[in-house]
Amino acid sequence: AGMMAENLTKSRKWGIYFDVLKEKTRIDSEDKFIQLSRLYALLHDIGHFPLSHLFEYALRNWAGSTENYLRTIKEWTGFGNFEKPHEAFGALIAEKIIEDKNLKFSKPIRGALLRLTTEKDIPSTDPLSVVKSIVDSEIDADRIDFVQRDGLLAGGEYGHYDIRRLCDSVFIEQDESGWLIAYSEKALTSMEALLLDRYRTYLWIHFHHQVISTNILVRFLIKKALELKIITKEHFNPENVKEFSLKDDVWLWNILRNMEVDDKFTEMIQEAVFYREKKNILNLWKTRPYYHVLQRRVTKEAPGIVPLIFAKTDSYQGYLSGQMEAQALIFILEFEPLSDRPTNLYSEARKRLTGKSLFGVSKLVADLEEIWGEEPQYFVLLVDNDARKRRREFREKWVRLTKDWRDWILSPPS
């Protein structure tokens with residue numbers, strides 16, 4: 001983020017932008033702009049729960065409806081303008097850090113940083129939207145960093161795109177809607193490499209079938225702990241930042257290990273997670289080809305209709321659990337290779353926007369969405385005695401039941 005901010009100060013429109021920034025925020029030097037960008041990058045994910053997004057998935061399942069989930073976020077944090085708990089908690093914690101008088105921030109830096117961390121959306125007409133875009137856009141410092149880190153630490157061959165080139169290829173621009181960051185068209189191959197590697201790390205690491213299975217099981221246990229009130233909002237008290245920071249992965253694992261339960265499915269899941277006892281856990285499909293085999297069997301009678309994303313409804317999970325006499329757990333893969341935010345391209349030779357976007361110029365990038373559509377979009381785990389030995393029985397039953405469910409969804413009784 002610091003490297004990107006430093007390069008932005010070399011933009012042709014930096015002078016115009018800087019005058020507006022100074023007027024609106026009283027940030028009066030390039031160094032302070034760079035410092036602000038680095039501090040925002042440092043604080044932007046500070047509110048994450050233990051096990052990060054997985055805890056949020058469990059919290060959302062526990063809350064039930066979207067309305068209840070948003071109400072829960074507001075009850076736990078006091079913030080009603082965020083759709084994700086870590087963003088709301090991040091705003092609270094960042095607020096306390098920024099207001100700490102022992103930290104030698106200038107008053108303009110404090111004010112701008114407070115806005116960046118506590119406001120969900122900053123309009124493009126506001127000069128602070130440029131700082132927001134450094135960390136949160138299609139090509140940003142966050143993605144440039146984590147894709148390489150996740151790939152390399154997982155032992156893959158990912159992350160060999162040119163980070164320096166990407167950070168040196170950003171420019172401040174302005175159009176009719178306001179301020180924006182554009183990328184040099186000369187960095188096209190580096191941008192393609194980043195987005196392709198992000199796709200591959202999600203597909204081969206985050207969405208590996210073993211990772212997904214573990215995520216589903218741990219999510220179930222976190223939800224159970226919430227239901228039993230073993231974990232409550234009182235555990236996450238932002239009034240004490242030091243105490244909040246100790247609610248980490250180690251703390252959560254200890255809670256889940258020692259959680260006493262009285263139903264056989266939860267006991268089986270604890271055995272699977274903590275003792276690798278997997279005989280009672282069946283993932284109905286692990287690979288793309290077998291996923292399509294089962295989907296085709298479900299839609300055999302109407303092959304022209306795209307299979308429904310059954311995982312989007314809790315009632316389908318409850319239906320399966322009741323009809324199969326096993327605990328059914330569903331995990332939908334919420335991933336978009338590309339967002340709807342355009343990455344504007346910049347001509348260094350002409351020193352202006354080209355009028356084109358990365359999506360429009362790169363066929364490789366444009367095709368990522370279609371390629372992703374061929375991958376499994378959800379997974380179904382079944383938990384029961386010796387489930388793995390009964391895989392054929394369970395798969396046949398799942399196909400039959402899901403056909404019935406699909407037919408009911410498409411043609412509900414009057």
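Analyst: Happy to! Two strands count as paired if DSSP finds at least two bridges between them. Helices (H or I, at least four residues) and strands (E, at least two) are DSSP runs, numbered from the N terminus. This is a predicted model, where local features need pLDDT of at least 70, side-chain atom pairs count only at pLDDT 80 or more, and totals for chains, interfaces and linings use all residues. Residues are numbered from 1 along each chain as its sequence is written, and side-chain values use heavy atoms, with hydrogens and water left out.

Let's begin inside the sheet. Strands β2 (residues 178–184) and β5 (residues 344–347) run parallel and are joined by two bridges. Across from Leu345 in β5 stands Tyr183.

Now for the whole sheet: it is open, has four strands in the order β1-β2-β5-β6, and its pairing is mixed. Because β1 (170–175) and β6 (352–357) stand at the edges with a single partner strand each, one side of each is left without a neighbour in the sheet. From one strand to the next, the twist averages 50 degrees; angles run from 0 to 180 degrees between N-to-C directions, with axes fitted as lines to C-alpha atoms, for helices over the stretch in contact.

Helix α8 (residues 128–135) packs on this sheet and touches β1 and β2, where contact means heavy atoms within 4.5 Å. The direction of α8 makes about 40 degrees with that of β2.
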